[in-house]
Amino acid sequence: MAGKAQVPGLMKGLGVTFKTLTKTMTPKRMGGGANTVQYPHEKEAPTTRARGVIALREDNCTVCMLCARSCPDWCIYIEGHKELAPPRRAGGAPRKVNKVDRFDIDYALCMYCGICVEVCPFDALFWSPEYEYSEPRIADLLHDKDKLGEWMETVPEAPELEVGADKKGKK
Amino acid sequence: MIGADIPYWAESLLRVLGGTVAVLLPAGTIVYLFLFKMMSFMQSRLGPMEAGPYGSMQLFAEVGKWLQKEDIQPQKADKRIFKMAPLIVLVSTFLLVAVVPFGPDAYFTNFDAGVFYMLAVSSISTLGILIAGWSSANKYSLLGGLRAAGQLIAYELPMVLAVLGVVIQAGTMNMQGIVVAQNSGEMFGWDGLGNPYILTQFIGFVIFMIAVQAELTQTPFDMPIAESELVSGYMTEYSGFRFLIFFIAEFATAGVFALIASVLFLGGWGVPFSWFGWHSIDDVDNWMNVGGPLIMLTKMLVLTFLIMWIRFSYPRFREDQLQRFAWKLLIPLALVNIMVTAILKVVF
């Protein structure tokens, strides 16, 4: 039961709780305070690459549907149309480009797996650390491309590539 | 009760009010100060912060919430007994506070078998818990109730035996007498501190506090309400108002046991009589009737801090460890303590 070897451990346990008690009761400016953040009153700064919400750069999207098809719970809805854009070189034929009419993500369904961000070949989808987008009605969690575009502003710069890394993909 | 001449009905009313305050005030203080705040701080949280400044009104919010809830009984429950059980537990708390002296004249009752009475009524709560578990018609409740009964019986004994040491040393079972004996006592001819029994009866004090911890089913001894295996033990089927009564009873009893421990071991309401040149209880000034309760409250907070600190730090005993701890360690230790105390009492 309470053998001799266990007694220091029991005392140590009491010490841990007491130390945490005094640390939490010390004012914040003196290095104390709780580990928790009083959320609505003070905001927590998420880490820069936190996966808060998925943002869309509309110009890069080609309506290829890869994201919608790879989404495990089918929460991305895309519609688009073809448009004629001016030719690249003078005298060339006009190019056919795909334009997004609708790009909705239902955040009531989204499980933040990030497969769509991974799979996008044209760098149109990004993770944003923004997290304050809750809605009182569940149907309002379906956010359209304008809203997803607004979140682009909060997306942090991509980190520098490591030395010697081969830069692939679009510039 | 008070020196002034007041009619019997007024005195009775005062006693009822005083008893309610003496039970509910410690309970509220303990729940807010220790359960809400200290536990949170020990886990590096802040606890309730929204209701009132620093969440001080949280308790009223909780009580309001419980009062709104539906009073549910299981279909197969023994309805009348089921409804009675929490009240029996609470009654035991009120009966306990009756013998605690708060000052030279501030007490509810003062009679010679005070300690005996205290030990007797403290086991009424066991009865309430047992019938709560039995009448719920639920296997978790039944197991919890039986475990509680087994545990409370096992720890009632060391508690009785630990108190015996104090009774032998004080030479009286009167709670007021024990307070006086401690404060008018002297240690080796020096009376500057009186003779608080925590010094001479330290083993008894430790055993008593462990037994209290177990009687209250606070954490290292919370097998009866082990939430990870028994949902909530004997409280599983209770909701709303009746759960609230169980809850109040738990923490009020913690407060009352802390009061009793401070009477038995820490000198109770008194200050060492030699400080003011008092010689017996008749010399004690009247202001002690106000100062005494405050001293008692302070001592109670210190002791409940200990109880709660241990509660928030340690994991739970297994059922067999718990029984072995009581029967094989605490009871023999308490018996040795009694023998040594008795021998020393005769020698000196």
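Chain A contains 4 helices and 5 strands, where helices (H or I, at least four residues) and strands (E, at least two) are DSSP runs numbered from the N terminus. The structure is a predicted model, in which local features need pLDDT of at least 70, side-chain atom pairs count only at pLDDT 80 or more, and totals for chains, interfaces and linings use all residues. Residues are numbered from 1 along each chain as its sequence is written, while chains are lettered from A and ligands numbered from 1 in the order in which they are written.

Along its sequence, chain A runs in the pattern α-β-α-β-β-α-β-β-α. Its radius of gyration is 25 Å, well over the 16 Å that the globule rule gives for 171 residues, so chain A is more spread out than a compact globule. That radius is taken over C-alpha atoms, and the globule rule is 2.2 Å times the number of residues to the power 0.38. The C-alpha atoms of chain A occupy a box of roughly 90 × 50 × 40 Å along the principal axes. Of its 171 residues, 14% are buried, a residue being buried if 20 or more other C-beta atoms, placed from the backbone, lie within 10 Å of its own.

Chain B has 13 helices and 0 strands. For its 348 residues, a compact globule would have a radius of gyration near 20 Å, and the 21 Å of chain B agrees with this. Its C-alpha atoms fill a box of roughly 65 × 50 × 45 Å, taken along the principal axes, and 47% of the residues in chain B are buried.

Within chain B, helix α11 (residues 240-265) packs against helix α12 (residues 288-313) at an angle of about 115°, with the axes 8 Å apart. Axes are lines fitted to C-alpha atoms over the stretch in contact, and angles run from 0 to 180 degrees between N-to-C directions. α11(B) and α12(B) are therefore roughly perpendicular to each other, a term covering angles of 65 to 115 degrees. Residues of α11(B), including A254(B), G255(B) and A258(B), meet residues of α12(B), among them M296(B), K299(B) and M300(B). The residues of this contact comprise 8 nonpolar, 3 polar and 1 charged.

The two chains also touch: 16 residues of chain B are in contact with 12 residues of chain A, contact requiring C-beta atoms, placed from the backbone, within 7 Å. On the chain B side, α1 (8-42), α12 and α13 (319-347) each give two or more residues. The largest share, 4 residues, comes from α13(B).

How values were computed: Angles under 35 degrees count as roughly parallel, over 145 as roughly antiparallel, 65 to 115 as roughly perpendicular and the rest as oblique. Ala, Val, Leu, Ile, Met, Phe, Trp, Tyr, Cys and Pro count as nonpolar, Asp, Glu, Lys and Arg as charged, and the others, Gly among them, as polar. A residue is buried if 20 or more other C-beta atoms lie within 10 Å of its own, exposed if 12 or fewer, and partly exposed in between; C-beta atoms are placed from the backbone.
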